[in-house]
Amino acid sequence: MSEYNDILNQFREEEPPIIELEGVSKAYQKDVDAIKDVSFSIKKGEFVFIVGKSGSGKSTLIKLLLRAISPTKGKIYVNGRELSRMHRTSIPKLRRKIGVVFQDFKLLNDRNVFENVAFAQRVIEKSAREINRNVPAVLSVVGLSDKYNSLPNELSGGEKQRVAVARALVNNPMILLADEPTGNLDPKNSWEIMTLLGEINKRGTTVIVVTHNEEIVNVMQKRVIKMENGHLVSDVRKGGYENET
Amino acid sequence: MKLRTLVYSGKQGVKSIYRNRLFSLAAIGTITASLILFGFFFFITENLSHIVDRLQTEVAVSVFFEPGASDEVVANIKTQIESRAEVAEVVYISPEEALEIYKENNNQGEEFSETFKDVNPLEEYDSYTVYLNDVDMQESLVSYIERLEGVRTVKNNENVAKNFSVFNSAVGYVCTAIIVLLIGIATFLISNTISTGISVRAGEIEIMKNIGATDFFIRAPFLVEGILIGFLGALVPIGILYPIYGRIEGFVAEKLGNTLGGKLEFLPVGEVFGKMVPIMLAIGVGIGAIGTMVTLRKKIRRY
Ligand SMILES: Nc1ncnc2c1ncn2[C@@H]1O[C@H](COP(=O)(O)OP(=O)(O)OP(=O)(O)O)[C@@H](O)[C@H]1O
Ligand SMILES: [Mg+2]
């Protein structure tokens, strides 16, 4: 088995990264860089934490990957395509490859759990048949098979975030981005969500999680990218929250 | 675009009109008001020009000749008048006919004919009656004829049609100004309605973008909403105006049918509405679509 692993890993090394940043800077205002000269690459199937103090540029990285904003300098590649050279009309196609989860869940409060997840499929024009197959499947992955008809305000924070994760997953993305997914959750629910993200990663999805949760980062021993004042200050393969540079 | 997307956008658009019903009603109401005004304007101008057309057949200019003008000169005058575009017909009235017309018009009896049996006092008063197909050209025609060789006088008949025509364009200007103003207000109200809808659905729009909805998919429900509001705003006045016009037309036919020598007649309902309905729908839908697109461009960032 171990020799296979080595061969596979070697193969992975040669595979082009699914995400790559080359000297990326972003200034929202002139001469004030929210992130500055950041470079890193992420391979298919990796699980990566992005940590750092408030205002260090973590959310800016997420928005750049979604092409919600464009870098002022540098290049960003997702799945081999450079984002700034992508035509406007190709942006939806990029986003369909990326699932995204936020701290505040961003659910539609007038629609039940099933409809919130189905919404992601309707928006990309899936048929009712596909929706009826995919939504229950993904709701079972996140453990909400018994909550189809609940409205968001009838759910706990942890459950809401599960709905958001299900919605991010239902279109079967290659990459899952999570910006402080446990920011509004208690420790127990935080662990459940992080464990869920870990499981999703094991199924092959590349997962990038922005978090302030030191304990979880320390226990999970995944790759950790640390930001400080817009600079990438450390990138450790298997690390904890506080790493020496 | 897939059929289900069309259905989805339609549903969302209708829902949004309902959710936003106060604004929607204000917008529909304003469009209705402007189009009702437009409708009346349309009826008035269409019917006036119809009446003018009919009266025009009566508009005539009488041309009298110099005493002793030769047949050749008289014939020449006719050719020159006929060469004008606004002239429909030139009819020669002999002295005998002139006498007969005088007799008719003044209700003279047989003794009148007896008196003038041998001597026609109008012997020198043969003339051309020139019929026009465009009242507005009457003055220029008269001054043209006056300059012709062998013409003694030109008599301008009383010109009802001309007055109608002037009145018609005055009505036109006033109504156009009011309608333009109302359409401006209606466009503003639609824009407001759509703006509110966009704010209400800001969260949903953000989610749709993140998930990878196309720009068109995001905008389509708003377009449906705006166009539907415009369409309803056109349908209501059509429904209101139809019976009203029918009554007015019936009234005019019954009570005023004999005025102006039977020339005061309104166009039939079918003919007026056949022309007006497509114009109104186009205006309504146009206001809706333009108001919405301008707002979408301002309020929703492309990707
Ligand atoms: N839309 C914006 N306009 C102007 N400045 C912005 C904007 N968004 C973020 N910034 C600035 O860019 C810097 C990085 O912000 P970012 O949101 O990426 O930080 P963060 O690491 O996600 O912080 P937090 O942990 O508080 O979420 C901050 O200084 C912030 O004030
Ligand atoms: Mg942030």
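## A tour of chains A and B

Start by selecting B:S24, which counts as buried because its relative accessibility is 2% (buried means under 20% relative accessible area, exposed over 50%, partly exposed in between, with a 1.4 Å probe and protein chains only). You are looking at a predicted model, where local features need pLDDT of at least 70, side-chain atom pairs count only at pLDDT 80 or more, and totals for chains, interfaces and linings use all residues. Residues are numbered from 1 along each chain as its sequence is written, chains are lettered from A and ligands numbered from 1 in the order in which they are written, and side-chain values use heavy atoms, leaving out hydrogens and water.

**Stop 1: around B:S24.** Colour helix α2 (residues 21-56) of chain B and you will find B:S24 in it. Helices are DSSP runs of H or I with at least four residues, strands are runs of E with at least two, and both are numbered from the N terminus. Which residues does B:S24 touch, leaving aside those up to four places away in sequence? Show B:I17, B:T193 and B:I229; a contact means heavy atoms within 4.5 Å.

**Stop 2: the domains of chain B.** Now colour 3-55 + 162-302 as domain 1 and 60-156 as domain 2; these bounds come from an automatic or database domain assignment. Taken over C-alpha atoms, the centres of the two domains of chain B are 52 Å apart.

**Stop 3: chain A as a whole.** Switch to chain A, which has 8 helices and 10 strands. Its C-alpha atoms fill a box of roughly 45 × 40 × 40 Å along the principal axes. Of its 245 residues, 51% count as buried.

**Stop 4: helix α7.** Select residues 187-202 of chain A to see helix α7, whose 16 residues reach 22 Å from first C-alpha to last, close to the 22 Å expected (1.5 Å times one less than the number of residues). Among the buried residues of α7(A) are A:I193, A:M194, A:L196 and A:L197.

**Stop 5: two loops of chain A.** Finish at A:Q221, in the loop between α8 (214-220) and β9 (222-228). A:Q221 is not a glycine either, yet has a positive phi of about 50 degrees; at 39% relative accessibility, A:Q221 counts as partly exposed.
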